[in-house]
Structure formats: structure tokens, C-alpha cells
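Here's a quick briefing on a structure to keep open while you read.

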Amino acid sequence: MLSKKLQDIQNQAQKEINEATTLEALYQVKVRFLGKQGELTLIMKDMGGLSKEERPAFGKLVNEVKQAVTTLHDEKESQLARVEMDKKLSEEELDLTLPGPYLPNGSEHLIAKVMNEIVDILARVGFSVRTGPLIETDFYNFTALNIPADHPSRDMQDTFYIDGEHVLRTHTSPIQIRTMQTEKPPIRILAPGGVFRHDYDASHSPHFHQIEALLVDKNVSMADLKGTISYFIREFFGKNIKTRFRPSFFPFTEPSAEVDCSCPLCQGKGCKMCKHTGWIEIGGSGLVHPNVFKAAGLDPEEWQGFAFGFGIERMAIIKYGVSDIRLFMENDTRFLEQFK
Ligand code: DAH
């Protein structure tokens with residue numbers, strides 16, 4: 001009786017497989033005969049009526065039928081898959097001339113771009129790049145630069161202290177000392193990099209960037225400093241921006257001068273960006289102080305030098321008309337993409 005039923009199932013399965021015209025219909029046939037609740041699975045449960053001796057032979061028979069149905073199914077499946085693919089290929093058109101999906105390209109950050117521009121200009125007159133650590137010791141950041149213990153820049157208000165001995169460098173000037181300690185004059189170096197100060201508003205960010213320059217040689221004067229800076233500003237900003245030197249004070253230079261550029265946003269008439277002065281300060285400069293030479297192990301009787309340190313964001317603001325220093329850190333691609 002059972003083998004008759006098995007034979008019927010096999011015949012029915014073969015018939016339905018032959019008649020299936022789509023992969024979906026074939027799948028339904030597979031589920032009905034070979035699935036967990038399929039007829040060829042359920043028939044095993046009917047074996048209860050058979051004697052112990054008959055059971056193994058019947059089980060073997062069921063497996064053979066399953067195998068036969070599976071083989072038939074698989075052949076039909078690949079045949080139908082071929083048919084469906086052929087149909088799809090003949091019906092659907094592929095327009096190879098259509099543009100592909102838009103993949104946005106990244107761009108160099110404006111700060112990196114400005115740093116590279118500055119380095120390129122000063123490389124033409126013999127300066128090459130040096131770097132230093134972001135975490136500095138009190139010695140390199142302050143003491144060796146002739147900054148006394150009670151100087152306001154050492155105040156916790158301005159400086160991020162890591163511990164009593166270490167700070168996040170507040171300027172790139174410590175690289176002057178590191179270079180003079182390890183290299184013999186004549187020296188012409190540039191040190192671009194990030195610096196940190198406790199400050200935050202439209203024109204101050206707690207993390208910003210500077211570029212430091214140091215030249216050490218014999219018979220260096222203020223004329224060399226002004227000549228080099230004027231050359232650089234002309235090359236970087238072009239003719240439209242005016243430059244002025246203002247007498248100033250820094251512990252590590254004597255004499256010292258601050259460097260200002262005319263405000264490009266208001267053409268010098270006065271606006272919020274330039275605090276209504278018509279000028280934007282880009283950094284400080286001066287002749288290397290004898291105490292700085294001594295701290296770095298050079299004889300101030302033998303060597304002279306000039307140095308300057310400019311704010312990269314300030315220069316980017318002036319050259320590219322950026323209205324808020326905070327835009328540099330927000331990583332808004334609409335801002336960044338304008339400077340590709
Ligand atoms: N380190 C100074 C600052 O961050 C800028 C500076 C002034 C650098 C004069 C110099 C210099 O090299 O000579 O405010």
C-alpha cells in the first residue's frame with residue numbers, strides 16, 4: 001500500500017516539475033514535495049504501520065525517490081533560470097552611455113592647502129620644513145624662549161596644561177629651539193603645525209595652526225627679516241593686500257614687530273572681522289633674542305637670526321574671504337568643497 005502511495009507521489013512530482021513554467025512555480029512544487037512539511041517527508045511518518053523488517057527497505061526506497069525528484073527539480077531549475085535570463089536580456093535595454101552614479105570626491109582641507117602654498121613660496125628662498133611634538137615640555141614651549149615664569153601666556157587661562165611639566169604647545173616657536181639644538185647654522189627652516197590655546201569666538205579657536213620660520217646666519221639684520229616677509233606676503237596674497245610692520249614685544253625676539261595685512265572683507269574700511277581697524281594681524285616676528293641662542297646652545301656673539309610665526313587660519317581668512325574661524329573645524333563639506 002505504502003509503496004503504491006510513494007509511486008503516486010513520485011509520478012505527481014514529476015508531472016508538476018515538468019509543467020512548471022516559472023522559477024516561482026517550480027519553487028512551490030519543491031516545497032510541496034521536498035520541504036519540511038512536504039509529501040516525501042511526511043510519508044516517512046506513515047512507516048509506523050510497517051513491520052520492523054520492512055522499514056529499512058522502505059526508508060531506502062523513499063530516499064531514492066527523493067533523490068530522483070531532486071535531480072529532476074535541479075535540472076528543471078537551471079533550464080528555467082536560463083530561459084528567464086534570456087528573456088530579461090532580450091527585453092531590457094542597457095544604455096551604456098548613461099552617466100554612472102555620482103561619487104563625490106574629497107578635497108584638500110583649506111588649512112592644508114594654505115600650509116602647502118606657504119611652504120612652496122618659502123622653499124624658493126631656501127627654507128625647508130621641520131616638525132615638532134604637539135605635547136611640549138615647559139622648557140621648549142616657554143623657558144628656552146625666554147618666557148619668564150610670571151608671563152601671562154603661562155597662565156592656565158591661556159595654556160592647556162597636561163601636568164606640571166607638559167603643555168599642548170601654544171605656538172610653533174619651540175621648534176626653533178629643537179632645530180638649533182640639533183642642527184648647525186646656517187639654518188633656514190619652516191615649521192607648520194597645530195597649536196592650542198584656551199580661547200573660543202569668531203576669530204579664535206582652541207586648536208589652530210601656525211607656521212614658524214627661523215633663519216640663523218652671520219650678519220642677519222631687520223632688513224633681511226622685512227625683505228623676506230615682504231617677498232612672502234607679495235607672493236602669497238598678491239598686490240591687493242597691503243602689509244605693515246608694527247613695533248611690538250615678544251620675549252624671544254629683540255627688536256620685535258607685529259605683521260598686519262589690510263582686511264580684504266572691507267578693503268580696509270573697517271568691519272567685524274578686522275574689529276573696525278581695517279587691518280588683520282597675521283603674526284609676530286623679530287630678531288632672535290640672545291637668551292634664546294644661549295638656551296639652544298649657540299653663541300649670540302657669533303650668530304644672529306630672525307624668526308616669524310604666522311597664523312594659518314588668519315592667512316586663509318584673508319586670502320579666501322572666510323568669515324568665521326570656526327568653519328575650519330566644522331568639516332561641513334559645503335564649506336570645504338569651495339576650495340577644490
Ligand atoms: N610665537 C608667537 C605667538 O604665537 C608668534 C611669534 C612672534 C613667532 C615672534 C616668532 C616671532 O617666531 O619671532 O604669538
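The second largest pocket holds about 220 Å³ of space. Of the 13 residues lining that pocket, Lys275, Trp279, Ile280, Glu281 and Arg314 sit closest to its centre. Bear in mind that this is a predicted model.

**The second largest pocket**
- β6, β8 and α10 each put at least two residues into the lining of the second largest pocket.
- The top contributor to that lining is β8, with three residues.
- Sorted by class, the lining of the second largest pocket comes out as six charged, five nonpolar and two polar residues.

**The largest pocket**
- The largest pocket takes up about 950 Å³.
- Its lining runs to 38 residues, and the ones nearest the centre are Arg197, Phe208, Gln210, Phe250 and Glu281.
- Glu281 turns up among the residues nearest the centre of the largest pocket, and also among those closest to the centre of the second largest pocket.
- At least two lining residues come from each of β5 (207-217), β6 (243-250), β7 (253-262), β8 (279-288), β9 (304-311) and α10 (312-320).
- β8 gives the most here too, with six residues in the lining of the largest pocket.
- By class, this lining has 19 polar residues, eleven nonpolar and eight charged.

**The sheet**
- Seven strands make up an open sheet with mixed pairing, and reading across gives β1-β4-β5-β9-β8-β7-β6.
- β1 (128-129) and β6 are the edge strands; each has a single partner, so one side of each has no neighbour in the sheet.
- β4 (residues 187-196) runs antiparallel to β5, and ten bridges join the two.
- Valine 195 faces phenylalanine 208 of β5, and Phe208 is also one of the residues nearest the centre of the largest pocket.
- On to the next pairing: β5 and β9 are antiparallel, with eight bridges between them, and valine 216 stands opposite glycine 305 in β9.
- β5 is mostly covered, with nine of its eleven residues buried.
- β7 and β8 are antiparallel as well, joined by eight bridges, and alanine 257 lies opposite serine 285 of β8.

**Helix α8**
- α8 (residues 222-237) has 16 residues, which at 1.5 Å a residue should span 22 Å; its end C-alpha atoms are 22 Å apart, so the two agree.
- Its buried residues are Leu225, Thr228, Ile229, Tyr231, Phe232, Ile233, Phe236 and Phe237.
- What do the buried residues of α8 pack against? Their partners are α5 (110-123), α10 and the strands β6, β7, β8 and β9.

**Helix α4**
- α4 (residues 54-91) is 38 residues long and reaches 55 Å from first C-alpha to last, close to the 56 Å expected at 1.5 Å a residue.
- Phe58, Gly59, Val62, Val65, Val69, His73, Lys76 and Leu80 are buried in α4.
- The cover over those buried α4 residues includes α1 (2-19), α2 (23-34) and α3 (39-42).

Terms used
Residues are numbered from 1 along each chain as its sequence is written. This is a predicted model: local features need pLDDT of at least 70, side-chain atom pairs count only at pLDDT 80 or more; totals for chains, interfaces and linings use all residues. Side-chain values use heavy atoms; hydrogens and water are left out. On a 1 Å grid over the protein atoms alone, a cavity is a set of points where a 1.4 Å probe fits but cannot get out, and a pocket is an open set with protein on both sides within 12 Å along at least five of seven lines; lining residues have an atom within 4 Å of a point. Grid points are joined across faces, edges and corners, and a volume is the space filled by probe spheres set on the points. Helices (H or I, at least four residues) and strands (E, at least two) are DSSP runs, numbered from the N terminus. Ala, Val, Leu, Ile, Met, Phe, Trp, Tyr, Cys and Pro count as nonpolar, Asp, Glu, Lys and Arg as charged, and the others, Gly among them, as polar. The expected span of a helix is 1.5 Å times one less than its number of residues. Buried means under 20% relative accessible area, exposed over 50%, partly exposed in between (1.4 Å probe, protein chains only). Contact means heavy atoms within 4.5 Å. Two strands pair if DSSP finds at least two bridges between them.
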